[in-house]
Amino acid sequence: MGSTQFGNFNNFCRDSTLPVCNLFSPWRDRPQNLFGQLQGYGRCELMGIGLSRERHLGNLGSILIAFIAICVAILLILRADRKQAAVGRREFQLFLVGYIIIEICEIFTVGGLPMGSPLQQRVVLGFTAIHLGAIVATLWVLMLNGIVGFQLLDDGTPLSLGLILLSAAALFIGTGYIALDTAFSYSGRFDSSMSGDHRNIGLYVLYQLAPLVFLAAFFVLETVLVLKVLGEKKPMLYLIGAALLFALGQIFQYVISTHICSGTNGRINGAMFETLFTLLAVVMTWVFWSSITEDDWPMPVSGGTYTS
């Protein structure tokens with residue numbers, strides 16, 4: 001694969017503000033801008049707003065939206081708790097908890113906080129590893145939520161929750177370890193990703209490809225559930241809306257970001273819009289889940305069949 005772009009992060013890091021890009025150079029050698037954000041990919045530098053002593057807060061928009069997202073997710077967890085008879089209530093709450101962890105990490109990994117000391121930069125790398133692991137694990141949990149609706153196992157039971165948590169923990173630990181080994185060179189296995197095209201097959205598969213597979217699987221599973229099992233169409237509007245909002249956020253992140261940065265002289269880029277549209281996608285996903293767990297939907301009975 002040496003002649004392909006598969007596994008390469010350099011172009012992504014040049015044009016987007018991704019947490020994974022914090023990893024691909026030793027913290028002690030990394031060029032810094034005035035607010036200490038790890039960078040150096042030849043991209044438009046996100047300077048944000050000026051602070052005292054020539055420091056800058058790089059991504060205030062993402063920080064504020066991430067804080068709002070945390071509050072909204074907590075509210076959705078509480079709202080879900082009121083739906084006592086809802087199928088997959090606890091499982092969906094696990095997804096929202098994972099989303100909260102992602103947004104907490106995002107404040108530190110892409111927020112452009114003034115962090116100039118070596119210790120502070122190590123903290124950023126630690127949060128980056130948690131962030132990447134949380135993204136993979138949380139979208140895995142979302143995909144499993146798509147299976148829960150078919151009632152192959154009783155939802156909300158220790159067995160159901162335990163299987164989800166253990167499998168998600170395995171993905172979280174595996175992704176987090178690769179990220180930490182890349183950043184701090186524990187084994188030296190990923191040292192080659194520190195230069196050139198920043199090729200890291202492990203992180204590319206886990207961080208770039210696996211989440212897309214999980215999302216696609218969730219969409220397909222829920223489509224089958226709604227159209228074939230429940231025999232409804234209206235919830236599909238919410239599901240499609242969530243997919244479109246998420247896709248729009250990714251377009252801002254991967255395609256439009258560099259143009260926004262250049263057009264605003266580094267004051268903002270697409271990262272804050274990606275955070276915003278992802279939040280809206282999560283809210284729409286909750287609306288979708290809520291709409292298919294109403295009391296008047298067909299209820300599962302023994303044998304995995306549904307009855308009105």
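View 1. Phenylalanine 9 and tyrosine 204 form an edge-to-face pair, at 5.6 Å centre to centre and with 70° between the planes. This pair links distant parts of the chain, 195 residues apart, since phenylalanine 9 lies in the segment before helix 1 (10–15) and tyrosine 204 in helix 6; helices are DSSP runs (H or I, at least four residues) numbered from the N terminus.

Residues are numbered from 1 along each chain as its sequence is written. As the model is predicted, local features need pLDDT of at least 70 and side-chain atom pairs count only at pLDDT 80 or more, while totals for chains, interfaces and linings use all residues, and side-chain values use heavy atoms, with hydrogens and water left out.

**View 2. Helix 2 beside helix 8.** The axes of helix 2 (residues 60–81) and helix 8 come within 9 Å and cross at roughly 10°, the axes being lines fitted to C-alpha atoms over the stretch in contact, with angles from 0 to 180 degrees between N-to-C directions. Helix 2 and helix 8 are therefore roughly parallel to each other (angles under 35 degrees count as roughly parallel, over 145 as roughly antiparallel, 65 to 115 as roughly perpendicular and the rest as oblique). By class, their contact has 14 nonpolar, three polar and one charged residues, where Ala, Val, Leu, Ile, Met, Phe, Trp, Tyr, Cys and Pro count as nonpolar, Asp, Glu, Lys and Arg as charged, and the others, Gly among them, as polar.

**View 3. Helix 7 beside helix 8.** The axes of helix 7 and helix 8 come within 8 Å and cross at roughly 170°, and that makes helix 7 roughly antiparallel to helix 8. The contact of helix 7 with helix 8 has 17 nonpolar, eight polar and one charged residues by class.

Technical notes
Helix = DSSP H or I, 4+ residues; strand = E, 2+ residues; numbered from the N terminus. Phe/Tyr/Trp six-rings, centres within 6.5 Å; stacked < 30°, edge-to-face > 60°.
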